[in-house]
Amino acid sequence: MTSTPERGRPSGEPPESLADLLGGRRGAVDATVPPVAFAVGWLAAGLWGGVVAAVLAGTAVAGWRWRRGDRPRSVLIGLLAVCVAALIALRTGRATDFFLLQLVSNAASALAWIVSIVVRWPLLGVLVGVALGQRGRWRRDPALLRAYGRGSWVWAATYLLRLAVFVPLWLGGQVVALVVARVALTWPLVAAALAVSWLVIRRSLPADHPGLRHPVTPSDADAAPAK
C-alpha cells in the first residue's frame with residue numbers, strides 16, 4: 001500500500017524519512033568511537049590503557065559534536081557515559097565491564113519501548129511528535145497511533161537483539177568480540193531500524209492519509225465535507 005504525498009510538500013519531492021526527522025545514524029556513529037579506542041588501548045597496554053584511550057576518544061568526540069552545534073546537554077551526557085563505563089571497568093578490574101553500562105542501557109531501553117507500546121504511547125510517535133512540534137496531537141489520529149505502535153516494535157527488537165548478542169559475550173569475557181558486536185549492532189542496526197520502521201509506518205497508514213505532519217483527528221474528520 002503506498003501513501004499519498006504529504007500536504008505542504010512540493011509535487012515530486014520525496015517525503016521525509018525517519019532518518020531525516022530523527023537523525024539517528026550520525027549519533028550512532030559517534031557512539032562507536034570510544035569502545036573501539038578502549039579495545040585498542042586494552043590490547044596495547046592493559047585495562048588502564050583502554051580506559052585512558054576511551055576517555056580521550058570520548059573527549060575528542062564531545063569536542064567535535066560541540067563544534068558542529070550539538071546541544072551541550074547531549075554532548076555532556078555522551079561524555080559522561082564513557083567516563084562512567086571506564087570507572088565501572090576500573091572498579092571491577094574486568095575489561096568486559098566497560099560494556100556493562102551498555103547492557104543495562106539496552107535492557108532498560110527494550111523495556112521502555114515495550115511498555116510504551118502497551119500503554120499506547122509508542123516512543124516512536126513521541127520522538128517524531130517532538131521533532132515535528134506536534135506534542136500529543138498524533139495520538140488522536142487512530143491510524144497514526146497504530147502505525148507508530150507497529151513501528152516501535154522494530155526498535156524494541158533492536159534492543160532485544162543487542163542483548164541476545166552482548167550478554168553471552170560479556171559473560172564469556174570476550175572484549176574484542178564485544179567491540180565488534182558493538183560496532184556491527186550500532187550504526188548499521190540503527191540505519192536498518194530507521195528504514196524498516198519507516199516502511200512499517202508507511203504500509204500501516206491508509207492510502208489517503210496525509211502523512212506524519214498532518215494527524216487526522218476526529219474533529220478533522222467531522223469537519224470534512226461529505227462525498
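1. The side chain of Q134 comes within 2.7 Å of the backbone oxygen of L212. A polar contact here is a pair of N or O atoms within 3.5 Å; within protein, one must be able to donate a hydrogen and the other to accept it, and residues adjacent in sequence count only if both atoms are side-chain atoms.

2. A word on the basis. This is a predicted model, in which local features need pLDDT of at least 70 and side-chain atom pairs count only at pLDDT 80 or more, while totals for chains, interfaces and linings use all residues. Residues are numbered from 1 along each chain as its sequence is written, and side-chain values use heavy atoms, with hydrogens and water left out.

3. Where does Q134 sit? Q134 is in the loop between α5 (123-131) and α6 (142-171). Helices (H or I, at least four residues) are DSSP runs, numbered from the N terminus. Q134 has a relative accessible area of 12%, so Q134 is buried. Buried means under 20% relative accessible area, exposed over 50%, partly exposed in between (1.4 Å probe, protein chains only). Leaving aside residues up to four places away in sequence, Q134 touches G129, L212, R213, H214 and P215. Contact means heavy atoms within 4.5 Å.

4. S116 belongs to helix α4 (residues 100-118). Its relative accessibility is 6%, so S116 counts as buried. The S116 side chain reaches the backbone oxygen of W113 at 2.7 Å. Not counting residues up to four places away in sequence, S116 touches W121, P122 and L123.

5. Helix α4 has 19 residues. From first C-alpha to last, α4 reaches 27 Å, close to the 27 Å expected at 1.5 Å a residue. The expected span is 1.5 Å times one less than the number of residues.

6. Which residues of α4 are buried? They are L103, N106, S109, A110, W113, S116 and I117. Seen down the axis of α4, they fall within an arc of 165°, so they line one face of the helix. The arc is that of the directions from the helix axis to the C-beta atoms. These buried residues pack against α5 and α6. The face of α4 turned away from the buried side carries exposed L111 and V118. Just after α4, R120 takes a positive phi of about 65°.

7. Next, the pair α5 and α6. They pack at an angle of about 105°, with their axes 7 Å apart. That makes α5 roughly perpendicular to α6. The contact involves L123, L124, G125 and V128 of α5, and Y148, G151, S152 and W155 of α6. Axes are lines fitted to C-alpha atoms, for helices over the stretch in contact, and angles run from 0 to 180 degrees between N-to-C directions. Angles of 65 to 115 degrees count as roughly perpendicular, under 35 as roughly parallel, over 145 as roughly antiparallel and the rest as oblique.

8. Helix α3 (residues 72-92) has 21 residues, which should span 30 Å at 1.5 Å a residue; its end C-alpha atoms are 30 Å apart, which agrees. Buried in α3 are V75, V82, A85, A86 and A89. Down the axis of α3, these residues fall within an arc of 100°, so they line one face of the helix. The face turned away carries exposed residues, among them R73, L76 and R91. Just after α3, G93 takes a positive phi of about 80°.

9. Helix α8 (residues 187-204) has 18 residues and reaches 25 Å, close to the 26 Å expected. Its buried residues include L189, W198 and I201.

Technical notes. Helices (H or I, at least four residues) and strands (E, at least two) are DSSP runs, numbered from the N terminus.
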